[in-house]
Amino acid sequence: MHIVGVGVWEQRYNKMSIMHHPKTKTILSQKVITSCLRSSIIVNTILYILITYKLSQSSQTNNIISTSVPLQRSTQTIEQPHTQSSSCASTILYYYASSSLIWLIIIFWKKRRRKVAALLDIFTAIIILIILKFNVHQCTIRTSTSIIAKSINSTAWFENYSSIQQQQLIEDNVRISFSLHDPKIVPVPDKFSGVVGYRCGDKADLPSTLSKSTILNFTTSISTNLKILFIGDSIAEQFAQAFDATVLGSGYEEHRVAKTYRNGPNNVNVHNCLSVSAPVRGGGVTAFWRIATLMSESTKRERYLCEHGWKTWSSTTALDLIGHQYTDIGQDNNHQQHEATVSAFDAVVLRIPHGWLTLEQITRERIYEAIKLSNIHTDAKTVIISTLPLNNNVITSSDWIKVAEINHIIRDIARTWKPNDNVEVQHVLVQEFGNFTNQILRMNAEHIRLTNTATPDFTKTNWELSGADFLLKRLSAESFWLSSICMVCAQPVFPRMNDKNVQVEDCMRNKISRDGIHFCVETLGPRYSASIACLLGCVYNEKESNTKSKTDLIHLRQCEQECNDQFMTIRPVDEDWIRNGISLYSKS
């Protein structure tokens, strides 16, 4: 009895051990590991949120999408500092979450009583993975390079006016490239400026914050086989002339023809209504069409007169531009010439003529119509719109706020642009000209002690609206133009008596603006031209962006932002770029 009892007891004990002990051990280990993994996912998510927040704060203080710009030389590549590469820290979290998910699936592969909880854990982990994977993709996009610097044969690059050879000098399918120079080597781009009152070469030097060689003291040369048309008023004319100076080297000025009118004392001022330069360096075409309004059906007329104050346009002018014939140069640049016709333009650079138009007349609908009509009459598939700067037509703070609102409209039109069967424009890009000039005016205002507030964070939205009263202070000595002091003065104002024996405020004039509306192309022209070349490279270099591809559009906007961050701000350019033998081009 005793022996049998013990045996039965031992048998039952062993059976219980076999049945329950392993199971208890398995459940315990699953609970521990599951808790750890669940905690790991929570911790990783919190880390991701904190890192994302930190990166967003960092981007507000240094909104530079540019990351690594390789400067390719004969034997080495120099990398520029990364500015947002830390955003790829999310990649680490991605691998952490991946490992967690794998272990969760292994653990919950076996049967459990709480199957719903197990499935919920897996579902949560998958959602986190999708979010992290998307951000890893974004991280990869942000760290791509849009502006490339490359060693070239500078003599061949400068002297090439063949559209075919242009691509062979840099890399295949690079349709527009540019170089930066010391002004002592390549002069400032004023050789086509016909209005004496716009020239600033004899004015006072810029303040030290702006006069450095890497900020506003370099010049630009451009090579392109694109056909580019500038449309707008006299300010657009100024910068189109400056652009022409960058694509037509010394000895090639006769490639440019213009239709003009004169005004001023003894008709000293020569204004362009139309101009065409062809072929330019690289074999392309540049042109200017003076329209002192936004193109619309309501402002269209049968004829166009080349005279001051003409505020309408005519389709016959467009026919003159696209029908212009010129002598093209053969592939080998060996005088094998043939006649060519412009036929169509690749891109339009559009300036909204604020001044000829009131702020109230500049609406989303009119801008959209102007974009559409520019394509209909020139066949341009890309339109670049410049944001509005300060000028003497901005009288009140309400006017200045309205300028900012119009600039937001311009950006929104570009971001939301969708080509369709009725509108053939494929790409609308923004040139942040307003932001560029606002930064210059702010730094000059500090220099002449017009404001004593701290320098604002130029990367913040609407920074120019905060503490902007100084922009509206006018120089009383300029009774006709009502120039803003920070636009035209190189030193603090001083009192003097005018011709009518009335005391007015006057100043030593600067190299930013002569009259408070037109800008000094000697100073601003090089960055303006470089930015246009950079923006067009985003579309046309290597391969044209596909508007139906979301990835291509993301890359295009990143490239657009990088071009504006580099050239439409007072951000210094790389010193190594300002020398012979280096050419720059952008790509998206």
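In which sense do strand S6 and strand S9 pair, and over how many bridges? Strand S6 (residues 227-232) and strand S9 (residues 285-290) pair in the parallel sense, over 6 bridges. One of the residues involved is Gly232, whose bridge partner in S9 is Arg290.

## Overall composition

The model discussed here is predicted. Its protein chain holds 13 helices and 17 strands. The chain has 588 residues, of which 52% count as buried.

## The seven-stranded sheet

The pairing of S6 with S9 belongs to an open sheet of 7 strands, arranged in the order S7-S8-S9-S6-S12-S13-S14. Pairing across this sheet is mixed. On average, neighbouring strands are turned by 25° against each other, direction ignored.

Helix H12 packs on this sheet, where it touches S6, strand S12 (347-350), strand S13 (382-386) and S14. The direction of H12 makes about 155° with that of S14.

## Packing of H12 against H13

The axes of helix H12 (residues 521-540) and helix H13 (residues 550-567) come within 9 Å and cross at roughly 170°. Angles over 145 degrees count as roughly antiparallel, and H12 and H13 are therefore roughly antiparallel to each other.

On the H12 side, the contact is made by Arg527, Ala530, Ser531, Cys534, Leu535, Cys538 and Val539. H13 contributes Leu556, Cys559, Glu560, Cys563, Asn564, Gln566 and Phe567. Sorted by class, the contact comprises 9 nonpolar, 3 polar and 2 charged residues.

Ala404 lies in helix H9 (residues 397-415). Is this residue buried or exposed? Ala404 counts as buried because its relative accessibility is 4%, and the cut-off for burial is under 20%.

Leaving aside neighbours within four places in sequence, Ala404 is in contact with Asn462, Glu464 and Leu465. For Ala404 and Asn462, the separation in sequence is 58 residues, while the C-alpha to C-alpha distance is 7.3 Å.

Definitions and conventions: Residues are numbered from 1 along each chain as its sequence is written. This is a predicted model: local features need pLDDT of at least 70, side-chain atom pairs count only at pLDDT 80 or more; totals for chains, interfaces and linings use all residues. Side-chain values use heavy atoms; hydrogens and water are left out. Axes are lines fitted to C-alpha atoms, for helices over the stretch in contact, and angles run from 0 to 180 degrees between N-to-C directions. Helices (H or I, at least four residues) and strands (E, at least two) are DSSP runs, numbered from the N terminus. Angles under 35 degrees count as roughly parallel, over 145 as roughly antiparallel, 65 to 115 as roughly perpendicular and the rest as oblique. Contact means heavy atoms within 4.5 Å. Ala, Val, Leu, Ile, Met, Phe, Trp, Tyr, Cys and Pro count as nonpolar, Asp, Glu, Lys and Arg as charged, and the others, Gly among them, as polar. Two strands pair if DSSP finds at least two bridges between them. Buried means under 20% relative accessible area, exposed over 50%, partly exposed in between (1.4 Å probe, protein chains only).
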